[in-house]
Amino acid sequence: MAEVESFTLDHTAVKAPYVRLIATEHGNQGDTISNFDLRLVQPNKNAIPTAGLHTIEHLLAGLLRDRLAGVIDCSPFGCRTGFHLITWGEPSTEDVAIALKESLAEIRDTIEWQDVQGTDKFSCGNYKDHSLFSAKEWSAEILDQGISSDPDVRQVV
């Protein structure tokens with residue numbers, strides 16, 4: 001079985017919240033994609049409840065695209081501590097951290113329920129499992145800690 005980079009990461013050594021570049025890959029046509037670890041809470045110490053994480057996921061899908069060129073996908077980790085962000089090109093971890101910070105601030109400060117995309121049975125596979133209240137609370141807590149552009153050393157953006 002292929003080795004998966006995220007399973008080789010020492011989850012006890014990192015200092016969340018942070019943005020970490022996992023890998024950059026180059027395709028046969030000259031295209032480049034980057035895979036980022038957007039770690040919102042400290043692994044093995046906390047986890048965002050599914051309803052809040054689900055709402056954050058739906059919101060980040062649009063908010064990160066508003067702030068970063070080339071977003072392909074933003075998907076939650078099964079451990080509920082953050083997200084994978086896949087982009088075209090090679091944005092810096094600092095640029096991604098700033099976009100994440102601004103997106104979480106928008107969730108905390110201005111997003112209302114009608115702003116959340118994909119919350120009915122036609123547009124979401126688990127539409128009943130959302131909580132804007134939880135998304136706002138977790139966004140505020142994450143922002144209070146500050147988002148680092150480095151997983152090992154707190155370099156808050």
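At what angle do the axes of helix 1 and helix 2 cross, and within what distance do they come? In this predicted model, helix 1 spans residues 50-67 and helix 2 spans residues 93-109. Their axes cross at roughly 130 degrees and come within 9 Å. Helix 1 is therefore oblique to helix 2. The crossing of helix 1 past helix 2 is right-handed.

On the side of helix 1, the contact is formed by Leu 59, Leu 60, Leu 63, Leu 64 and Arg 67. Helix 2 contributes Ala 99, Leu 100, Glu 102, Ser 103, Glu 106 and Ile 107. By residue class, this contact between helix 1 and helix 2 comprises seven nonpolar residues, one polar residue and three charged residues.

The peptide bond between Ala 16 and Pro 17 is cis, with omega at about 0 degrees. Pro 17 belongs to the segment that precedes strand 1 (18-26).

Positive phi values occur at Asn 44 and at Arg 80, each being a residue other than glycine. For Asn 44, phi is near 65 degrees. Asn 44 sits in the loop that links strand 2 (32-39) to helix 1. The relative accessible area of Asn 44 is 70%, so this residue is exposed; the cut-off for that class is over 50%.

For Arg 80, phi is likewise near 65 degrees. Arg 80 is located in the loop between strand 3 (71-76) and strand 4 (82-88). Because its relative accessibility is 30%, Arg 80 counts as partly exposed.

Terms used:
Residues are numbered from 1 along each chain as its sequence is written. This is a predicted model: local features need pLDDT of at least 70, side-chain atom pairs count only at pLDDT 80 or more; totals for chains, interfaces and linings use all residues. Side-chain values use heavy atoms; hydrogens and water are left out. Axes are lines fitted to C-alpha atoms, for helices over the stretch in contact, and angles run from 0 to 180 degrees between N-to-C directions. Helices (H or I, at least four residues) and strands (E, at least two) are DSSP runs, numbered from the N terminus. Angles under 35 degrees count as roughly parallel, over 145 as roughly antiparallel, 65 to 115 as roughly perpendicular and the rest as oblique. A crossing is left-handed if the near helix is turned anticlockwise from the far one by less than a right angle, and right-handed if clockwise. Contact means heavy atoms within 4.5 Å. Ala, Val, Leu, Ile, Met, Phe, Trp, Tyr, Cys and Pro count as nonpolar, Asp, Glu, Lys and Arg as charged, and the others, Gly among them, as polar. Buried means under 20% relative accessible area, exposed over 50%, partly exposed in between (1.4 Å probe, protein chains only).
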